[in-house]
Amino acid sequence: MTELPKTPTEFIAALQQIKDNTDAIPLYTNYAAGWTMGGQWDAFLGAITTGDTTWLNQKFAHTAEPFKDNGDETGAYALYKILYDAVANGLTEDDYTTTDWEGCKGMINRGEIGTMVLGSWAVAQMKEADANGSDIGYMPFPITVNGKQYATAAPDYCFGINKESSADNQAAAMVFVKWMVEKSGWCDNEGGYPISKTAPTSFVFDGVEVVNNEAAPDDEADLMNQMNAECELNFNNGGDRKVQEIVEAAATGSMTYDDIMANWTQLWNDAQDSLGVDVTE
């Protein structure tokens, strides 16, 4: 394989090539850190896996079977199955309980790890961890929807200017913010995606559409929080255990992947019933 994988099948095949041809760990799960599980894998729900910017915050809570197999390697089913299949096929570390977040940075820099699932913020840390920073790359998540790949961008911390400050100070602050956004190179230093189209950045994916997951309507602004609390799956809300359990099940064979998805569906449907959520699809 000489091109970046664009589907789960291609990605698993690429991991197998790493295993067959190198001594590197193909995919490092970072299981032991905890936050590297749900906090990272959940982040790819929504437009990246469905091609629909309204799915995550407007449709997910109303969907009867959000974890079903779509049959085309898209959706939540395909997302988490990558992790299950990688572990089940021996394409991760030998003992998931001994992963080391700080140690893995130098390991991937030295070529001892092939891939990790992390946000763009992590790239700078991996580059700086040892002497091989130029070997570190960043790729779109390997799911393709109707021939197109998607990446999502969202705000992190924001700049504010005190409206009560003097006109001179406001002008100076605006100049500073403009420099930071357009000229400073902050994005490459910290792994951000530029808000300005003219800002220099290396975080550009050829042929990938960058989108935002659209917000929930005002009258359902808290619905996902309620669903998360009721079903205890906690998507994008610290639901690390559910993803750790995927690793455990795949490693021990205690549950099939379809059994896990069926369990999630039951918990989701029970939460919908309990909260009186209108299930539209």
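1. Helix 1 has P8, F11, I12, A14 and L15 as its buried residues (buried: under 20% relative accessible area; exposed: over 50%; 1.4 Å probe, protein chains only). Seen down the axis of helix 1, they fall within an arc of 155°, so they line one face; the arc is that of the directions from the helix axis to the C-beta atoms. The face turned away from the buried side carries the exposed T9, D20 and N21.

2. The model is predicted: local features need pLDDT of at least 70, side-chain atom pairs count only at pLDDT 80 or more, and totals for chains, interfaces and linings use all residues. Residues are numbered from 1 along each chain as its sequence is written, and side-chain values use heavy atoms, without hydrogens and water.

3. The buried residues of helix 1 pack against strand 1 (25–27), helix 5 (75–88) and strand 2 (113–115). Helices (H or I, at least four residues) and strands (E, at least two) are DSSP runs, numbered from the N terminus.

4. D42 sits in the loop between helix 2 (38–41) and helix 3 (47–50). Its relative accessibility is 0%, so D42 counts as buried. Leaving out residues up to four places away in sequence, D42 touches M37, Y80, N234, F235, N236, K242 and V243 (contact: heavy atoms within 4.5 Å).

5. The protein has 12 helices and four strands. Of its 281 residues, 43% count as buried. Among contacts with a separation of 6 or more, 72% come from residues 24 or more positions apart.
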